[in-house]
Amino acid sequence: MADQPAGAAGEEIKEQDRLLPIANVGRIMKQILPPNAKISKEAKETMQECVSEFISFVTGEASDKCHKEKRKTVNGDDVCWAFGALGFDDYVDPMRRYLHKYREVEGDRAAAAASSRGAAGPHDHLASGAGPSAATGHFMFGAIDRTDNNTSRPGNFN
Amino acid sequence: MDPTKSSTPPPPPVMGAPVAYPPAAYPPAAAAGAPAYAPQLYVPPAAAAAQQAAAAQQQLQMFWAEQYREIEATTDFKNHNLPLARIKKIMKADEDVRMIAAEAPVVFARACEMFILELTHRGWAHAEENKRRTLQKSDIAAAIARTEVFDFLVDIVPRDDAKDADAAAAAAAAAAAGIPRPAPGVPATDPLAYYYVPQQ
């Protein structure tokens, strides 16, 4: 592995890693503004910082809950719960709905992949809207370990 | 004056943009855009500010309704407006976080989008109050200062930015209406703040 760049260059790389890309952030900001509105570069940069802080803030709360319940994996339900716990009440219902729809879609895809491999897919219990533990169990193969180096594996996302 | 918005249908979505721009937010209604202190058409500051606050509340409710509608209509869960790998990195920056289910960054991708939209929307209200068409850092600072759920962000925007933003607005309003301004050195208070319905 090559040496890590020292000094400012190394910090620059860490800086990029902890922020979402300014182009993406700026594009989303534009969506809600009138057509002739402009956004200062400083405003976009500030928004980048705010979003990263939002992710960290919510993740911390979700992670604490997992620790208390002796669970190792932060899942979508934990994130949705954390929105409510931290006062983002308006986020809870839309995001729970989003998560539910995502699980339906991914459940169908995973079941299709599993049956094409000849294994019995857990299609039925997932489609029936089983409780969080069942859904979590199903997606455990997609969980990302801290040591994961983004190697592609079937069922994992990149 | 009627604070309710016009009933024109929403403009067709801009190509590529999943969010339809809320019709009520632009152009601003007469109550929000008209100079409230014009001699011919004097609206007491309290009434004007209350109208503005009520209009802003209504816009936010429409915003959330629109968000829910869009989520209902979502079918594509593979393509996101924010990179999942980067979101995962930010989550993993927390040492207490061990394993992350694949669905968690997906939830965050959509939630961060909502967050950006909401904070931008609130910031834009501040820009419009100051008759600007460019969203500035101070607008975001003002939105953070006005919204309790964004308290966790106060360290990102220096207190001065939020103070300056509201102080500038207060000074302009006070000068126009002849209300005595706070003495220099005294923490600036927006005289309109007492009339504002707290933003939710």
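**Notes on the two chains**

1. Among contacts in chain B between residues at least 6 apart in sequence, 57% join residues at least 24 apart; contact here means heavy atoms within 4.5 Å. For chain A, the corresponding share of contacts between residues at least 6 apart that join residues at least 24 apart is 38%. The model is predicted, so local features need pLDDT of at least 70 and side-chain atom pairs count only at pLDDT 80 or more, while totals for chains, interfaces and linings use all residues. Residues are numbered from 1 along each chain as its sequence is written, chains are lettered from A and ligands numbered from 1 in the order in which they are written, and side-chain values use heavy atoms, with hydrogens and water left out.

2. Chain B contains six helices and two strands, arranged from the N terminus as α-α-α-β-α-β-α-α. Chain A contains seven helices and two strands, in the order α-α-β-α-β-α-α-α-α from the N terminus. Helices (H or I, at least four residues) and strands (E, at least two) are DSSP runs, numbered from the N terminus. Of the 200 residues of chain B, 46% count as buried; for the 158 residues of chain A, the figure is 43%. Buried means under 20% relative accessible area, exposed over 50%, and partly exposed in between, with a 1.4 Å probe and protein chains only.

3. How many aromatic pairs does the structure hold over all chains? The count is 15. Rings of Phe, Tyr and Trp (its six-membered ring) pair if their centres lie within 6.5 Å; planes under 30 degrees apart count as stacked, over 60 as edge-to-face and the rest as tilted. The pair of A:Phe88 and B:Phe152 is edge-to-face because the ring centres are 5.9 Å apart and the planes stand at 80°. This pair crosses between chains: A:Phe88 belongs to the loop between helix H4 (76–85) and helix H5 (89–116) of chain A, and B:Phe152 to the loop between helix H5 (137–146) and helix H6 (159–177) of chain B. A:Phe88 is buried at 2% relative accessibility, and B:Phe152 is buried at a relative accessible area of 14%.

4. B:Phe115 and B:Phe150 also form an edge-to-face pair, with 5.5 Å from centre to centre and 85° between the planes. The two residues are 35 apart and link distant parts of the chain, B:Phe115 lying in helix H4 (residues 103–129) of chain B and B:Phe150 in the loop between H5 and H6 of chain B. Both B:Phe115 and B:Phe150 are buried. One aromatic cluster includes A:Phe88, B:Phe115, B:Phe150 and B:Phe152, and among its other members are A:Tyr91 and B:Trp64.

5. Which side chain is joined to that of B:Glu103 by a polar contact? It is the side chain of A:Arg103, at 2.7 Å. A polar contact is a pair of N or O atoms within 3.5 Å; within protein, one must be able to donate a hydrogen and the other to accept it, and residues adjacent in sequence count only if both atoms are side-chain atoms. B:Glu103 is found in helix H4 of chain B and is buried, with a relative accessible area of 3%.

6. Two packed helices are described by the angle between their axes and the distance between the axes. Helix H2 (residues 22–32) and helix H3 (residues 41–68) of chain A have axes that come within 9 Å and cross at roughly 105°. Axes are lines fitted to C-alpha atoms, for helices over the stretch in contact, and angles run from 0 to 180 degrees between N-to-C directions. H2(A) and H3(A) are therefore roughly perpendicular, since angles under 35 degrees count as roughly parallel, over 145 as roughly antiparallel, 65 to 115 as roughly perpendicular and the rest as oblique. Residues making this contact include A:Ile22 and A:Met29 of H2(A) and A:Ala43 and A:Met47 of H3(A).

7. H4(A) is largely enclosed by the rest of the structure, because seven of its 10 residues are buried. Among these buried residues are A:Asp77, A:Cys80 and A:Phe83. At the start of H4(A), a side-chain oxygen of A:Asn75 comes within 3.0 Å of the backbone nitrogen of A:Asp77. Just after H4(A), A:Gly87 has a positive phi of about 100°.
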